[in-house]
Amino acid sequence: MQKRGRAIAPLRRAQFRIAQFRAIRMTLRKQSSVLVAVLLFLSVGIASAQVTITLNPPSACPVVSQQQQFQATVSGGDPTVIWSVDRVNGGYSAGGFISSSGLYTAPTNAATHYIKATSVASPTSSATAEVTVRSGSGVSMMPVTASVIVSGTQQFQARACGLSPSDLTWAVEGIVGGNASVGTVDSTGMYTAPASDGTHQLQAISVADSTKKASATVKIFSQIRADFGARAITDFPVSAGTFGVQLGFVFNNFYKNRSAMAQLSQAGLSPMRIDAQLQSIFPNNATTPNWNVIDPIISTLKADGFRPLVVMGYTPTWLQPSPNPCSGPDVQPYHAVPADVNQWAQLAAAFVNHMDTAFPGFVQDYEIWNEPDNAPGLCVPGNSNSGRLSSYLSIYGAVAPVMKAQATTDGMSIRIGGPALTNSGTAPEWIPALLSNPNTAPYVEFVSYHHYPTSPLVQDAGMTWDNIGWPESLAFRTQDPGSGFTAIYKKIADLVKAGSQPNAANTPIFLDEYNTTAAFTSDCCRNDPKTAPLWNALVMQDVLNSVYGGVARVPSGMMYFSAQNWFPGAGGAYFFCLIGTINSVMDCAYDAANAQPYPQYYAYNLGLG
């Protein structure tokens, strides 16, 4: 997730406008002859600021390979727009393609993507629609299994692409509405169990097309039996170091709060994901590193008993390409692909050598880059997905062997992995490419990805924890049979198992970033006293229980985003945290003197601590 830019971009834009106004005022004072030009500039700026775009439909859920027409309505300017998918103009194979007329063709894999229409006349004006690409019939139900006591009730939710809840018929064992023998179900999906034990099938069927349906299995029971002997089963061991957290924004000095760090440790969170910050360690050249950027952080993690996972990024100013392909208010220039990947690899090797010397044997896990499948994550010339993938393979192929060789020279052992994907929809293209390329596959010792099930678009449409119908509730999105946490982990595991890397069947998988949404906006549940601990417990349960759905092993790491990500001076945003300052808006702000666990912390403290 690209965090820093999103949070501070509004401040930067405001500062730019102030500076721009001052420059114009000076021009008016000094050169009356350019008054007309300045006024013209202002009039163009005002006109551009008034351009608005609306998309129809605002969301869609096509079946894989299906087409969906989008219409952009532009008010206040030239109606011409540029269409993109996940920030890639025209789209890309893993996310689908969109024509200049707004006709979207879904990819061959189920996932969530974002269609954006940007005004040509006013590039800062745009509108975005969420597209949930589904497989099968396009009808989905949640939960897909349930156990209900006799005469008890269970709420089910169903969604069909382009349909409202009233467009679905509910049935039990093919009987619309059910009956006393098999149980009944009303028009909202509320199921009432019969008075006797048994197993039944619940269906949600499209009124317009009865071939489009989803089903769930309901087991009815009259007695509860606890089998404590089953706890001795050791088929799917869960390591004590499985659950962790990303540190977050280091410049708020949260990591120096020893009491807060101790609370994280007490909650059973052992791995901690941090940035290497190569752009700050090597600000001027490769020969005069500033290790004070990273050493205090590593020292703290070691003293407090955490195990670091270091994200090896990013590009120092002097190694960035010219012109720099990073553009936009929410894109950091150091996310640009290095102009010379081999020289960048030497910086990474120097980092490994320093860690091996200053902290022998402590730093063992390195992840190459962060979210390279996302335009702000890895900026490349042309802003194409194919360009990002090619650049990432070049980076990985250059840096991984050099890092491994350095560790061997130092007499240390390290693990290297990636690609820390932003969007699971890119996984069918990116993971096989990484695991089959002869320059990268031999050096892939773990595979990593991120998962954020919802977005501000859905939140603004009225998403809650368990609302019925559209927009899908957070609970539904978390457990969606096609794109929920269990489903995505299984897809990732299948791709990893099919790779050409060493020990493919047992390659560790890290879900090393997850939360409800990746945006610095308020949502229903992320920091909510009732639903935040529930959601985190549900995610842990579902991913671990994926082994009962055909996955061979549990993930080697799950890392919540984040421990504390408050940006000093960035007001009006909602941040990410496990520990922060409790206030009326629950925005994860941080004051060291008043920091305490947020509600989501207790899911880990109670389950792991």
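Contact, as used in this report, means heavy atoms within 4.5 Å.

## Basis of the model

The structure is a predicted model, in which local features need pLDDT of at least 70 and side-chain atom pairs count only at pLDDT 80 or more, whereas totals for chains, interfaces and linings use all residues. Residues are numbered from 1 along each chain as its sequence is written, and side-chain values use heavy atoms, with hydrogens and water left out.

Helices (H or I, at least four residues) and strands (E, at least two) are DSSP runs, numbered from the N terminus. The 18 residues of helix H6 (residues 341–358) should span 26 Å at 1.5 Å a residue, and the end C-alpha atoms are 26 Å apart, which agrees; the expected span is 1.5 Å times one less than the number of residues.

Residues count as buried under 20% relative accessible area, as exposed over 50% and as partly exposed in between (1.4 Å probe, protein chains only). The buried residues of H6 include Trp-344, Leu-347, Phe-351, His-354 and Asp-356, and what covers the buried residues of H6 includes helix H4 (278–281), helix H5 (295–304), strand E25 (307–312), strand E26 (365–368) and helix H7 (385–410).

## Aromatic pairs

Rings of Phe, Tyr and Trp (its six-membered ring) pair if their centres lie within 6.5 Å, with planes under 30 degrees apart counted as stacked, over 60 as edge-to-face and the rest as tilted. A search of the whole structure finds 25 aromatic pairs. In one of them, the rings of Phe-249 and Phe-567 have centres 4.2 Å apart and planes at 35°, so the pair is tilted. Phe-249 lies in the loop between strand E23 (243–246) and helix H3 (258–266), and Phe-567 in the loop between strand E30 (557–560) and strand E31 (579–581), so the pair ties together parts that are 318 residues apart in sequence. Both Phe-249 and Phe-567 are buried.

The rings of Phe-485 and Trp-535 have centres 5.9 Å apart and planes at 75°, so this pair is edge-to-face. Distant parts of the chain are linked here, with Phe-485 in helix H11 (residues 485–497) and Trp-535 in helix H12 (residues 531–544), 50 residues apart; Phe-485 and Trp-535 are both buried.

## A cluster and a charge

One aromatic cluster is formed by Phe-249, Phe-251, Phe-520, Phe-561, Phe-567, Phe-575 and Phe-576. The charged end of Arg-526 sits over the ring of Phe-576, 4.0 Å from its centre, the criterion being NZ of Lys or CZ of Arg within 6 Å of the ring centre and within 35 degrees of the ring normal.
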